[in-house]
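Dear colleague,

I am handing over the structure we spoke about, placed just below. After it you will find my notes on what turned up, and I would be glad if you read them alongside the coordinates.

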Amino acid sequence: MISDLVRLFHLSDIHFGLEDREALAWVKREIAALRPDAVAITGDHTMRARHREWDAATAWITSLDVPVTISIGNHDMPYFNPVERFLTPYKRFEGMKALVERELLLPGLAIVPLKTVRRWQPRFNWSKGWVTHEALELCLAALDALPKGTRALVAVHHPLREVGTHGTALTRHGEQALAALAQRDVLGVLSGHVHDPFDIAEPTPEGEVRMIGAGTLSKRLRSTPPSFNEITWDGTALTVRARNLERVPTREMQIEDVPPNALPPRREDEPVAPVGRVPEVDPPVH
Ligand SMILES: [Fe+2]
Ligand SMILES: [Fe+2]
C-alpha cells in the first residue's frame with residue numbers, strides 16, 4: 001500500500017511540424033509547477049518523421065526535467081525513405097533512444113510499453129495499429145515481472161479496439177491484447193492517435209479494461225481543443241482529468257467512444273508523402 005499520490009501527465013500526438021506552440025508552452029509550465037512523477041507521451045511525435053521534426057521533438061522532450069517514456073506512433077517512422085523505414089526505422093530518434101518504449105517504475109505504479117506500430121503491414125493502410133505476438137509477449141512478461149503489489153498502466157499508440165474484422169480493424173489483434181491485459185488486471189491502457197481524450201471501460205471476455213486516450217498538442221485537431229491528461233493514483237483509485245487550454249470541463253471534452261477511423265481530417269495545407277506513401281485515410285471497404 002502506498003501513502004503518496006502518484007501523478008502522471010499523459011501527452012500525445014504533438015506532431016512536431018504542426019505542433020501547437022502555445023499549448024506546448026502551457027504544458028511545460030504545468031510540468032514545472034506540478035512536477036509530475038512521470039510523463040508518458042503516446043506517440044506521433046512528428047508529422048512526417050522528417051529530421052528537423054525529430055530534432056525539434058527530441059529537444060522539447062529531453063528538456064522535460066522529469067522521467068519520460070515515449071511510444072512510437074504511425075507518424076514516427078520514415079515516410080519518404082522506404083529503405084530507411086525497413087532497415088533502420090528508429091534511427092531518427094537516436095537522440096532520445098533511452099526514452100523509447102521505456103518501462104517506468106513509480107511507487108506502487110508501473111508504466112509498461114506495448115508496441116502497436118509496424119514498419120510494414122500485409123494490408124493497404126499502414127497507419128492503423130497491429131499488435132504482434134512478440135510485442136504482446138514482451139509486454140506480458142514485463143507485467144508478470146513487476147514487483148508484487150505494483151499496479152500497471154500499459155502505454156500504446158493505437159487504441160486496442162477492433163472495429164470489424166476484415167481489413168478495417170483499427171488495431172489488428174487488439175481484442176486479443178485487451179483480453180490478455182484484463183487477465184493481468186491492469187489499471188488502464190494509455191493511448192493516443194485519436195486526437196480527442198476519452199476514458200472508456202472496454203468489455204473483453206476476461207473482464208473490462210479501462211482505455212484512456214489523450215488528446216493532441218498539435219494543430220491537427222479533431223473535435224476538442226489541445227489537451228493532455230492528468231492522471232493520479234492514490235493506491236486505490238485512478239483518476240483521469242483531461243486538461244485543456246480552454247474552459248471546457250473534462251466530461252464535456254471527452255468523446256464517448258473510439259471512432260472506427262480514429263484520425264483527424266486531413267488539412268488542406270498538409271503535404272502528401274510522394275514515395276513509399278503510408279496512406280492515412282481508410283480505403284473503400286470491400
Ligand atoms: Fe496523431
Ligand atoms: Fe497516429
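Along the sequence, the residues that donate to the iron ion (ligand 2) follow the spacing D-x29-N-x82-H-x35-H. Please keep in mind that this is a predicted model. The donors are Asp-44 (OD), Asn-74 (OD1), His-157 (NE2) and His-193 (ND1), at 2.1 to 2.2 Å from the ion, and because the angles that these four donor atoms subtend run from 86 to 152°, the arrangement is irregular. Asp-44 also bridges to the iron ion (ligand 1), with 3.6 Å between the iron ion (ligand 2) and the iron ion (ligand 1). Asn-74 sits in the loop between E3 and helix H3 (82-87), whereas His-193 belongs to strand E9 (residues 188-195), so the pair ties together parts 119 residues apart in sequence. Asn-74 is buried, at 3% relative accessible area, and His-193 is buried as well, at 2%.

Turning to the fold, five strands make an open sheet of mixed pairing, in the order E3-E2-E1-E12-E13. Strand E3 (68-70) and strand E13 (238-244) each have a single partner strand, so one side of each lacks a neighbour in the sheet. Strand E12 (residues 227-233) pairs with E13 in the antiparallel sense over seven bridges, and Phe-228 stands opposite Arg-243 in E13.

As for confidence, the mean pLDDT of the protein is 87, with 85% of its residues at 70 or more, but over residues 272-286 pLDDT stays under 50.

Best regards

Key: Residues are numbered from 1 along each chain as its sequence is written. Chains are lettered from A and ligands numbered from 1 in the order in which they are written. This is a predicted model: local features need pLDDT of at least 70, side-chain atom pairs count only at pLDDT 80 or more; totals for chains, interfaces and linings use all residues. Side-chain values use heavy atoms; hydrogens and water are left out. Two strands pair if DSSP finds at least two bridges between them. Helices (H or I, at least four residues) and strands (E, at least two) are DSSP runs, numbered from the N terminus. pLDDT is the predictor's confidence in each residue, from 0 to 100. Contact means heavy atoms within 4.5 Å. Donors are N, O and S atoms within 2.8 Å of the metal (3.2 Å for Na, K and Ca); water is not among the atoms, so sites may look incomplete. Four donors count as tetrahedral if all angles lie between 85 and 135 degrees; four count as square planar and six as octahedral if opposite donors are over 155 degrees apart and all others between 65 and 115; anything else is irregular. Buried means under 20% relative accessible area, exposed over 50%, partly exposed in between (1.4 Å probe, protein chains only).
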